[in-house]
Amino acid sequence: MKKIIAATRNKHKIIEIEAITRDFGMEIISRDEAGVPAVEIPEDGDSFEENSYKKAYGIMKLCGEITIADDSGLVVDCIEGAPGIYSARFAAFPGIWPTEAEKAGDTDSPDDSNNAKLIRLIADVPYEQRTARFVSVITMVYPDGETIVARGEVEGHLVLEERGEAGFGYDPLFIPVGYDKTFGELSSEIKNSISHRANALNVLREKLTEREGK
């Protein structure tokens with residue numbers, strides 16, 4: 001098994017990535033397990049791609065090993081694409097979008113606070129117009145600077161009450177297209193086969209296959 005260092009400390013993300021990458025012959029090692037110094041990499045980019053690269057490159061420079069990073073979030077059409085790249089800190093901002101001063105903050109909001117704010121903002125929007133998508137951008141950076149970027153999305157609709165105990169973040173509010181249950185209600189096996197992260201990892205696998213075939 002090839003060992004890859006995960007830039008994230010989010011145990012939920014590591015579990016989801018590991019559940020999928022195991023089939024690709026890649027073992028995910030957390031940055032803490034790898035002995036990477038407790039340095040926070042600023043996520044001050046303007047896109048999922050920028051933030052994913054910043055995290056992967058920053059940790060790779062610290063450990064000298066192949067590093068993988070994921071930047072993901074929920075994009076809701078009826079509120080101008082929010083929370084987007086600010087998904088983890090959504091409840092920390094009084095408005096939909098953060099001010100320049102608020103952008104400097106790096107503290108994640110509790111999931112229940114983020115969900116409560118989202119429900120409040122879309123409460124008067126009909127279900128048909130509560131379209132949204134989860135986005136995941138996974139970046140793998142090699143010590144020689146080579147970079148592989150893979151983006152995955154999953155479309156769906158939002159409900160106005162949390163449903164299910166599985167998953168994390170906005171999962172209990174998101175019903176993927178083709179299903180009548182939220183990510184919080186679906187089994188991990190189903191979610192891992194259709195999620196934005198699964199789709200990004202499938203793209204990553206294709207790119208890795210192309211790379212190794214050269």
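Mentor: Start with the hairpin of β4 and β5: five residues sit between the strands, and G145 there takes a positive phi near 95°. Strands (E, at least two residues) and helices (H or I, at least four) are DSSP runs, numbered from the N terminus. This is a predicted model: local features need pLDDT of at least 70, side-chain atom pairs count only at pLDDT 80 or more, and totals for chains, interfaces and linings use all residues. Residues are numbered from 1 along each chain as its sequence is written, and side-chain values use heavy atoms, leaving out hydrogens and water.

Trainee: In what sense do β4 and β5 pair, and over how many bridges?
Mentor: Two strands pair if DSSP finds at least two bridges between them. Here β4 and β5 are antiparallel, with eleven bridges. One example is R133, whose bridge partner in β5 is E155.

Trainee: How many bridges join β5 to β6?
Mentor: Three, and these strands run antiparallel too, with β6 covering residues 174-176. G156 has P176 as its bridge partner in β6.

Trainee: And how do I read a core?
Mentor: In soluble globular proteins, nonpolar side chains tend to be buried together. A nonpolar core is a set of buried (under 20% relative accessible area, 1.4 Å probe, protein chains only) Ala, Val, Leu, Ile, Met, Phe, Trp, Tyr and Cys residues joined through side-chain atoms within 4.5 Å. The largest one here has 20 residues, and I4 and M140 are among those touching the most other members. α6 gives the largest share, five residues.

How values were computed
Buried means under 20% relative accessible area, exposed over 50%, partly exposed in between (1.4 Å probe, protein chains only).
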